[in-house]
Amino acid sequence: MENTLSTRSLFEMSAPGRRGTQFPLPADGPALSDLLPAEVLAESAPGLPELTEPDVVRHFVNLSKRNMSVDSHFYPLGSCTMKYNPKRHERWAKFSGIGDLHPHIRPQDSQGMLRMLYESQKMLGEIAGLPAVSLQPAAGAQGEFTALLVAAAYFRDKGETRKKVVFPASAHGTNPASAALAGFECVQLDASQNGFVDVEQLAKHVDTDTAVFMITNPNTLGLFEKDIHRISQMLHDVGALVYIDGANMNAVLGITRPGDFGGDMMHYNVHKTFTGPHGAGGPGAGPIAVRDFLADYLPGPIVTKADGEDGNPVYDLATPSKSIGRVRSFFGNVGILLRGYFYLRTLGAHGLRRVSEDAILNANYLKERLRDVLPVPNGERCMHEFVASAKQLKDERGVTAMDIAKRLLDYGFHAPTVYFPLVVAEALMMEPTETESLETLDAFVEAIQAIAKEDPEFLKEAPHTTPVRRPDEVAAARKPVLCWDACLDG
């Protein structure tokens, strides 16, 4: 049975007069309230819980034990790419020369930091096959939005008023959201039977009013778009741009480059591809890479390199001549960017390719072992992820994708992504990543095989071992309870 103390909130545990620390003040000295200007003082003390240090530590350690993370469980969350975060990269990112730099420090006093960021720009440009890079965007979705603002500025500078952004039905939801926010008209293609972009249907929407075609490659079904070069040429023939959603770069590192198969712009998700921590809504970094003719429109500052008077390189910050302006404060989310930098420097070109090869191998192994229980509607082979369907189980036994996902928690596995993409009925989207062992994958397969044979009514009550089981998900999303009642009362 779970310790009762671990289920209580900090407010329930609070007792008047308890403290984790005491700040020493001279007996004859002024009161704390006398040391601050009156205009910054609150009218009353905040309604915070009063606790000892052991109470607080135990509370948060117990909460952490309820979490599933890449450090504690197998986490095959498709599309989101929950990669292991190497601990030495975490440690390096906290070095005082990095973590303690003041954000307003002068370039001449931060040459080491700027050198790492400059080298990050160069490496990301090389991996993408797109030479101009901005590290500014704070997340993948903001990277998309930023790149579309760059596209809008480019066409505006040419005197063109292109309105349409086209994307497949399987696109990440952030694609149309970013396009709409950037002022474009969104055009969604119908889902195809084979999981790939229907080139003939796309051709009907490609004209001189088309600004950008947004595509994830490999796509959201885990398939490499075999017609990507033809698609890119089709867009380029009418003067439009091709945007590559970089969410699935973990499948192609060192194997192929978006710039080589026709992409003009892309974003990286540092947490998905280069192991920045991922969860709880952040932190994030979404650097973008573009072709050289779009470089002048990038958000600044960009890190530059020049030869100093002594022959040593000098790093500085510059804003491109036609920049769309800042999209993030200071250098960008440096802590996450540098975790990506350390990852790239650790692995090198050969190591990056090995990452993708192993990710693809793991995904195909998992797919083949599960095919009798959870068939995959699209593709004989996949890239780094695949989308299985529980439709047959639902039709035959009434067992849904959600039932499987919830029951997996009892077996000690995080669930795959469910019900996305929408083009697959009862979708279970799985991505094992490159670091998972054969034994882990086999254990996961055996758990799903066992779940498929369990009583459907028992499954509909799962999970059976977690403190929270099946909340009202609509109410949780639309009416979240974010504050303890006592907090609201006073």
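**Entry 1: helix α14**

I looked up which residues of α14 are buried (under 20% relative accessible area, with exposed over 50% and partly exposed in between, 1.4 Å probe, protein chains only). In α14 they are Leu 441, Asp 442, Phe 444, Val 445, Ala 447, Ile 448 and Ile 451. The model is predicted: local features need pLDDT of at least 70, side-chain atom pairs count only at pLDDT 80 or more, and totals for chains, interfaces and linings use all residues. Residues are numbered from 1 along each chain as its sequence is written, and side-chain values use heavy atoms, with hydrogens and water left out.

I took helices (H or I, at least four residues) and strands (E, at least two) as DSSP runs, numbered from the N terminus. Helix α14 covers residues 438–451, which is 14 residues. From first C-alpha to last α14 reaches 20 Å, close to the 20 Å expected at 1.5 Å a residue; the expected span is 1.5 Å times one less than the number of residues.

I then checked what the buried residues of α14 pack against, with contact meaning heavy atoms within 4.5 Å. The partners are α11, α13 (401–410), β12 (427–430) and α15 (456–459).

I counted a salt bridge where a side-chain nitrogen of Lys or Arg lies within 4 Å of a carboxyl oxygen of Asp or Glu. By this rule the count is 28 salt bridges.

Helix α11 (residues 334–370) holds both Glu 357 and Arg 353, 4 residues apart, about one turn of the helix. Their side chains meet in a salt bridge at 2.9 Å, N to O. Glu 357 is partly exposed at 35% relative accessibility, and Arg 353 is partly exposed at 37%.

I found Arg 354 in a salt bridge with Asp 358, the closest N and O atoms being 3.0 Å apart. Both of these residues lie in α11, 4 residues apart, again about one turn of the helix. Arg 354 counts as partly exposed at 46% relative accessibility, as does Asp 358 at 24%. I also noted one network, in which salt bridges that share partners join Lys 367, Glu 368, Arg 371 and Arg 381.

**Entry 2: Lys 87 and Asp 71**

I looked up the side chains of Lys 87 and Asp 71, which meet in a salt bridge at 3.1 Å, N to O. This pair links distant parts of the chain, 16 residues apart: Lys 87 is in helix α3 (residues 87–92), and Asp 71 is in the loop between α2 (53–66) and α3. Lys 87 has a relative accessible area of 36%, so I list Lys 87 as partly exposed.
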